[in-house]
Protein chains: 2
Amino acid sequence: MTERGERCVQSVVKAMAVLDCLARRQGPMSLGELSAELGWPKASVHGLLAAMRQNGVVEQSAADGKYRLGIRLFSYGCIVSASWDVVRHSREKMDHIALQTGNTVFLSTLEEDSAMVIETAAATGSFRVVSEKGSRVPLHCTSQGKLLLAYLPAGQRRLVLQRLNYQSYTPHTIDDPQRLEAELAAIRDQGYATEDGEYRIGLRSASAPIFGVDGTVCAALGVVGMFRRVRSEEFQYARELVCRAAEEISFDMGYREPK
Amino acid sequence: MTERGERCVQSVVKAMAVLDCLARRQGPMSLGELSAELGWPKASVHGLLAAMRQNGVVEQSAADGKYRLGIRLFSYGCIVSASWDVVRHSREKMDHIALQTGNTVFLSTLEEDSAMVIETAAATGSFRVVSEKGSRVPLHCTSQGKLLLAYLPAGQRRLVLQRLNYQSYTPHTIDDPQRLEAELAAIRDQGYATEDGEYRIGLRSASAPIFGVDGTVCAALGVVGMFRRVRSEEFQYARELVCRAAEEISFDMGYREPK
DNA sequence: TCGGTGCGTTCGAAATAATCGAATCCATGT
DNA sequence: ACATGGATTCGATTATTTCGAACGCACCGA
């Protein structure tokens, strides 16, 4: 471990790995567990944890001594969230679409080879699909995932497509790279993505791109619900609302369509 | 810098200081700024940043090379937020109080010598007070701050009271430790805290303690708004709703009042 | 009451990895 | 083409991390 593309402080890389480990578990872990999981001596892991405990990035339970992600990370997360213009520009329109369609509206962006929800507007219907802030879904079988992939620069897209696992969640999941490539091209053509029970049976969704001032897609605006069929009027209506809102938000953010 | 109470990895402590610096600014910073602010050579800071950039804890702008907190911190923040039982148990009752009173309802907890908002329910009225998740307010001049202080174990409370700055925000701010101590005792007696324009002129708030199963206060439930007077009927009504809800939430979380 | 067990924590010397001034690169703008 | 201001890389010195082992402590069953 003496050679590295990037010249960086290895202790800090390790500390980040500890955070990742705690994040994957989503719950408290003992020093022993962390040490075993990471393959480093307990004393080493302890040193890293102690450093991060100092300012609340990790916390230690007074009862059982287990470690977990700390409140300071919540604080940082709020700062990051507040820095996203796209959330501020979308909030109102998202609520509006949620009311009009009765379904869940969400804003997603790429994070670690998956699509992460960064904002939601709750459904009003009784069969509401819940979509929690911070939750992640696969890229190859959701409308937001496929959309974000479709608009990724070709170079990065190729790399991500290679890394994906193409797990089949339902019989409708697109589980081979060739077909996904074709779907992505179609998405770029029509300017939006749909998903027809490819991730969860009975769930359908549509997503449209929000462009930043630099012309790249900074988020996917989507609607998800238990629509009857993709061709149904309600779904097409929801899809259109999302597409129009995404265009308007892009405009608000300073993006101008190339002529 | 060879002696330390805690035995911890100093590079990681420094990395955390970099994060803190970026968090305080709440916006992008250049390597030079960070270096100057922290008083360390640019190359050193760069190494720390490079390590954290690897996994998205910090991001670097492609345009101007400036650094900022990364999306991974948002992801971590959501995990932390989701781990708080108190939020899940409070959500519904908070919405209810917000509807009943038309004012902003919030859940707060201690973070770095201030009271941080961890959940909110938006006001319905036209003169709504906004309270953003993650925002922090002083301890000595808000109902949530005084409440959290009042129920802190005596040892910790003394330490915090010493560190506070007692800045006067309005003519009503309690700006001396003695009077604050007396106020805290009164709060413990009556079981709730109020604030009468001590932080912002015209703003009044009331907070009640939510107890965890271990008997400590894990959060303050509060309501804030432009109430006419503390003795007004609306304020007393809101205060009572908050107190009752806080008791119920405490019960739901497994707390049983000592006989 | 007494060991045993499984924790987190501390210790200390060997050895690795961080440090930081200076050099380099790479945009921008003149 | 040149200067400027920034990020980044380099490399020898040196302080820091490392990690096995020992410690302290709570819990639990005998």
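Predicted model: local features only at pLDDT ≥ 70, side-chain atom pairs only at ≥ 80, totals over all residues.
**Entry 1: around DNA strand D.** I then sorted the surface near DNA strand D by class and found 11 polar, 7 nonpolar and 4 charged residues.

**Entry 2: backbone angles.** I turned to phi, keeping in mind that most residues other than glycine have a negative value. I located Glu112(A) in the loop that runs between strand S3 (104–111) and strand S4 (114–121) of chain A. Is Glu112(A) buried or exposed? I count Glu112(A) as exposed, because it has 12 C-beta neighbours inside 10 Å and the cut-off for exposed is 12 or fewer.

In chain B I noted Asp113(B), whose phi is positive too, near 60 degrees. Asp113(B) sits in the loop between strand S3 (104–111) and strand S4 (114–121) of chain B. I found 14 other C-beta atoms within 10 Å of Asp113(B), so this residue is partly exposed.

**Entry 3: domains of chain A.** Last, I looked up how chain A is divided. The domain assignment gives domain 1 (10–76) and domain 2 (84–252). How many Å separate the centres of domain 1 and domain 2 of chain A? Taken over C-alpha atoms, I get 33 Å.

Conventions. Residues numbered from 1 in each chain as written. Chains lettered and ligands numbered in written order. Nonpolar A, V, L, I, M, F, W, Y, C, P; charged D, E, K, R; others polar. Helix = DSSP H or I, 4+ residues; strand = E, 2+ residues; numbered from the N terminus. Buried ≥ 20, exposed ≤ 12 C-beta atoms within 10 Å, placed from the backbone. Domains from an automatic or database assignment.
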